[in-house]
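Welcome! Take a look at it first, and then we will go through it topic by topic.

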Amino acid sequence: MDIEQFRHAGYQAIDHICDYYYSLQNKPVASQVEPGYLRKALPPAAPQTGDDFKQITEDYHKFILPGLMHWQHPSFFAYFPTASSFEAILGDLYANGIGPNPGFNWSVSPACTELEAVVMDWAAQMLGLEKSFYNSSEVGGGVIQTSASDSALVAIVAARSRYMSQNSEVLVGKLVLYVTTQTHSLGKKAGLVLGLNVRALEVTSEDNYALRGETLQRALTEDALAGLHPFILVATVGTTSSGAIDNLAEIGEITTTRPSLWLHVDAAWAGVSMACPEYRELCLLDDINKFADSFCTNFHKWGLVNFDCSTLWVRERKNLTAALDVTPEFLRSKHGDAGTVIDYRNWHLGLGRRFRSLKLWFVLRSFGVEGFRRYIRQTVARSDMFVSLIRQSSQFKLVTPPCLALSVFRLEPPVPASGSLSLAQMNTLNRFFYARLSTCRDIALTQTDLNGTISIRMAVGAERTSEEHIRRAFEILCKEANATLEEWWPESLDLCK
């Protein structure tokens with residue numbers, strides 16, 4: 001493909017993307033293909049001679065597009081959103097199209113490093129993080145990672161290194177990584193990758209699935225008696241299952257008495273809401289600023305930036321570089337040796353890195369802080385509307401208090417005179433209900449298990465979700481609930497009327 005052929009194909013690609021978004025809400029939310037469909041459709045080997053690009057794009061629409069779930073669909077309410085915007089898409093296009101490079105040192109493309117340092121400070125300021133987290137502080141700083149899992153892994157590596165340097169007599173096999181029973185799987189996976197003991201601290205429904213200080217203190221005491229050494233706690237602001245927020249005030253007061261215990265706050269989904277001042281108290285911003293050694297949120301979830309763009313801030317950058325700086329002769333540079341620039345390769349596990357800050361810069365500049373806040377508030381308002389419909393219903397009950405744009409509910413119809421359902425029966429009912437929902441073409445939700453209670457999650461985040469989409473989602477829930485009850489528990493239908 002020469003330059004002019006690329007120009008023509010590029011125009012055509014933009015047209016296809018625009019047409020896709022015009023027709024998006026008319027598409028089924030989830031893919032309708034069966035496992036193995038693509039291997040059957042494609043040749044068993046790459047072509048010996050190149051195919052015409054027109055044929056390649058036609059095959060993309062014919063074979064690939066049907067196998068995609070449409071995460072930006074206005075009726076996508078599953079998992080958490082992977083919000084995107086045209087600005088972010090264009091940012092990726094420029095980053096990959098003009099001067100693409102691995103960006104590991106300042107010297108290989110100064111703009112890549114310097115823009116990342118600047119936009120991470122912009123983002124920190126927008127979220128209300130204190131200045132010790134800014135790159136301009138030259139003490140702490142921010143770096144873009146691939147995902148919250150990578151951010152946590154980097155923080156855990158840094159915390160382990162710091163702990164071992166302060167406690168050189170401790171054997172690595174005695175170290176313990178703390179998570180909770182509602183922490184994202186990133187904690188346990190980091191333990192697998194690093195060969196660490198992982199202890200999941202119990203959280204309860206009475207505390208809305210938030211970790212309390214007394215639970216942490218009890219675990220610390222027990223592990224000390226067992227000769228173990230907890231070195232990091234991964235706390236969460238906005239858990240995946242229910243949006244739970246760990247009690248950082250109680251936790252932080254304990255960590256201040258144990259300076260070797262690192263506190264990493266994972267706010268992968270909820271953190272971007274702190275752009276709105278009214279949500280900062282809910283997300284415990286003051287406690288994050290006071291106690292956290294590191295903090296992460298994903299702009300590729302609820303921040304209008306397409307995947308990947310996980311933002312990680314650390315209070316002391318030297319903890320990252322002390323753990324991750326490996327500098328062979330061929331990576332040395334004049335400014336790097338002088339310490340006058342950031343070499344981001346020492347702030348994450350890999351060497352090469354993409355120019356992700358460009359799309360974040362495009363988004364922050366195009367939307368502005370007020371536009372960003374307007375989007376967050378809009379999605380929370382849509383979620384509030386859904387919550388009001390659930391509360392008015394006789395069929396559904398909220399399982400946990402709503403958190404921002406996430407609500408957790410279950411099918412729980414009135415109890416007939418013949419008697420109530422046990423928890424096991426109610427769980428079976430809701431599994432049956434969710435099985436019906438998962439076959440629907442025009443909506444996507446996910447289920448979860450909250451300490452033995454099977455529930456359904458509704459996460460609003462798509463920029464194009466309107467009030468009409470929320471009403472339509474509730475209508476589908478009611479329709480499928482009635483069908484479920486008719487088959488599973490017909491007595492309850494009369495009580496729902």
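At roughly what angle do the axes of helix α8 and helix α9 cross? They cross at roughly 30 degrees and come within 8 Å. Please keep in mind that this is a predicted model. The points below start with this helix pair, then turn to the pockets and a sheet.

**A pair of helices**

- Helix α8 covers residues 213-225, and its partner, helix α9, covers residues 248-255.
- On the α8 side, the contact is made by Gly213, Leu216, Gln217 and Leu220, while α9 brings Glu250, Ile251 and Ile254.
- Sorted by class, the residues of this contact between α8 and α9 are 4 nonpolar, 2 polar and 1 charged.

**The largest pocket**

- The largest pocket holds about 1,100 Å³ of space.
- Its lining consists of 38 residues, and those nearest the centre of the pocket are Ala13, Ile14, Ile17, Tyr60 and Ile89.
- Three helices, α1 (3-23), α3 (53-64) and α4 (86-97), each supply at least two residues of this lining.
- Among the contributors, α1 gives the most, with 14 residues.
- The lining of the largest pocket has 22 nonpolar, 12 polar and 4 charged residues.

**The second largest pocket**

- About 560 Å³ of space is found in the second largest pocket.
- Here 25 residues form the lining, with Arg317, Thr340, Val341, Ile342 and Asp343 closest to the centre.
- Two or more lining residues come from each of α5 (110-127), α12 (318-324) and α13 (334-338).
- The largest share of this lining, 5 residues, belongs to α5.
- By class, the lining of the second largest pocket divides into 6 nonpolar, 9 polar and 10 charged residues.

**An open sheet**

- Four strands, in the order β8-β9-β11-β10, make up an open sheet with antiparallel pairing.
- At the edges lie β8 (396-398) and β10 (446-450), each of which pairs on one side only.
- On average, neighbouring strands of this sheet are turned by 45 degrees against each other, direction ignored.
- In general, the strands of a sheet pair through backbone hydrogen bonds, in either a parallel or an antiparallel way.
- Strand β10 is joined by 5 bridges to β11 (residues 453-459), and the two run antiparallel.
- One place to look is leucine 450, whose bridge partner in β11 is threonine 453.

Notes:
Residues are numbered from 1 along each chain as its sequence is written. This is a predicted model: local features need pLDDT of at least 70, side-chain atom pairs count only at pLDDT 80 or more; totals for chains, interfaces and linings use all residues. Side-chain values use heavy atoms; hydrogens and water are left out. Two strands pair if DSSP finds at least two bridges between them. Axes are lines fitted to C-alpha atoms, for helices over the stretch in contact, and angles run from 0 to 180 degrees between N-to-C directions. On a 1 Å grid over the protein atoms alone, a cavity is a set of points where a 1.4 Å probe fits but cannot get out, and a pocket is an open set with protein on both sides within 12 Å along at least five of seven lines; lining residues have an atom within 4 Å of a point. Grid points are joined across faces, edges and corners, and a volume is the space filled by probe spheres set on the points. Ala, Val, Leu, Ile, Met, Phe, Trp, Tyr, Cys and Pro count as nonpolar, Asp, Glu, Lys and Arg as charged, and the others, Gly among them, as polar. Contact means heavy atoms within 4.5 Å.
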